[in-house]
Amino acid sequence: MDQANILIIGGGVVGCAIARAVSGRWQDVFLVEQFPKLGMATSTRNSGVNHSGIYYPKNSLKARHCVEGNRLTYEFCKKHNVPFRHCGKLVVAADAHEVEELAALKKRGEDNGVEGLRLIGADEIRKREPHIKGVAALDVPSTGIVSAEELVHAYGRVATNQGANIVTRAQVISLEPSGETIRVGLRIGDEEDAQEETIEAKCVINAAGLYADEIAALLGNHSWRIYPVRGEYCEVRGPRSSLINNLVYLLPHADGLSLGVHFTKTLWGTFLLGPTASYVEGNGRQRNRGLRDHARSRGAAGDSPCRHGVAGAHGCAIRRGACFNARRGNTWVGLFDDDSQEFLFSGAQ
Ligand SMILES: Cc1cc2nc3c(=O)[nH]c(=O)nc-3n(C[C@H](O)[C@H](O)[C@H](O)COP(=O)(O)OP(=O)(O)OC[C@H]3O[C@@H](n4cnc5c(N)ncnc54)[C@H](O)[C@@H]3O)c2cc1C
């Protein structure tokens, strides 16, 4: 039976970043991932935004870690050749009613230690994003875009170089306390020829993402339950991809469900519109957690494929021709007007 000092369950961005950190200090680190490659779940099905930390409550762990993590992520990307663009983002107020909310967001960001926040007016919005119309915007200079997939693989690569053992196609099926250790039961290999093995670990880290509640339950902790949220994006390609230069957000959903539909200029020159957010309930929950649903599918807008993932809160609708519509709560926003060639953010239905 293999012996591990530390065994990490899950090869998403969290598990791989932990593997990189702990393998720099300890030997016999294992990371086990059920899928054939690292980062095949939520960690590579997202907007790839290096967030600033403006949204979280003051003094929360999320606020502290996000502000520090923003800086550390850029440093890591530079050092390990992970593509990124430190471009900043705009959070746009669609009308005068939203300006107060924008100011409150700025205050919260400053309380969290986010640097360089500025409120700008319609003219400066125009200069930065000629096709965006809003009455004011919060300029967040520390936000940027990273290649989410390459980030995961770079963490995995560094961990391996430091001696970590990364095992893919290895699903944790049981956890059994045994004295000072935990016996981790694994199903290794493809379904047809899978074999069962056990690793004895002094420390087990649960980084199983959407399945973290099931992993906790294997050790008898039923106090956590994940409520997955499904979202969809549309990727806008071709001549219209030049309508957006960087990152443009609306104010977040008041119910806290998500940051709302936003525009993300990708590192490959297209832009993403999305994601939407809808809870996945009942039997669909299990199915929607799976790899199958992470495949790309064609969207309604001809040359604009939609992609979807599960875990955050997201989605989008895109229509051929005159307008792109994206929804914030029950209100349609981001209406693209073909005549004026601008996103109106009008809040109109
Ligand atoms: C639509 C969307 C957009 C987002 N946009 C951003 C963004 O722009 N910026 C940002 O910072 N965050 C964003 N997020 C959040 C971010 O993607 C997640 O917080 C992050 O990916 C979580 O990483 P993870 O490693 O915890 O989970 P995952 O990526 O889900 O990794 C968990 C891994 O554990 C494995 N696993 C599970 N159970 C087992 C088992 N029993 N045995 C072995 N392996 C197992 C899974 O296969 C999976 O690979 C977004 C999320 C969504 C849904």
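**A guided tour of the predicted model**

Begin with the open sheet of six strands, whose order is β9-β2-β1-β12-β11-β10 and whose pairing is mixed. Select residues 165-167 for β9 and residues 170-178 for β10: these strands stand at the edges with a single partner strand each, so one side of each has no neighbour in the sheet. From one strand to the next, the twist averages 40°. The model in the viewer is a predicted one.

Next, select β1 (residues 2-9) and β2 (residues 29-32). These two strands run parallel and are joined by four bridges. Which residue of β2 stands opposite Ile8? It is Leu31.

Apart from its neighbours within four places in sequence, Leu7 is in contact with Phe30, Val32, Val184, Ile199, Ala201 and Val204. Leu7 and Val92 touch the most other members of the largest nonpolar core, which has 73 residues. Which helix gives the most to this core? Select residues 148-161: this is helix α5, which contributes seven residues. In soluble globular proteins, nonpolar side chains tend to be buried together.

Move on to helix α2, residues 61-79. Its 19 residues reach 26 Å from the first C-alpha to the last, close to the 27 Å expected at 1.5 Å a residue. Centre the view on Gly69, where α2 bends by about 30°. Then select Ala63, Cys66, Val67 and Cys77, which are buried. The elements that cover the buried residues of α2 include β4 (84-85), β8 (144-146) and α5. Just after the helix, select Asn81, which takes a positive phi of about 55°.

From here, turn to the open sheet of three strands, ordered β3-β8-β4 with antiparallel pairing. Its edge strands are β3 (49-50) and β4, each of which pairs on one side only. Two bridges join β4 to β8. To view this pairing, select Phe84 together with Val146 of β8, which stands opposite.

Finally, display the whole chain. How many helices and strands does the chain contain? There are seven helices and 23 strands. Of the 349 residues in the chain, 41% are buried. Among contacts with a separation of 6 or more, 65% join residues 24 or more positions apart.

Notes. Residues numbered from 1 in each chain as written. Predicted model: local features only at pLDDT ≥ 70, side-chain atom pairs only at ≥ 80, totals over all residues. Core = buried A, V, L, I, M, F, W, Y, C linked by C-beta atoms within 7 Å. Buried ≥ 20, exposed ≤ 12 C-beta atoms within 10 Å, placed from the backbone. Contact = placed C-beta atoms within 7 Å. Expected span 1.5 Å × (residues − 1). Bend = angle between axes of the 7 residues up to and from the residue. Pairing = 2+ DSSP bridges. Axes fitted to C-alpha atoms, helices over the stretch in contact; angles between N-to-C directions.
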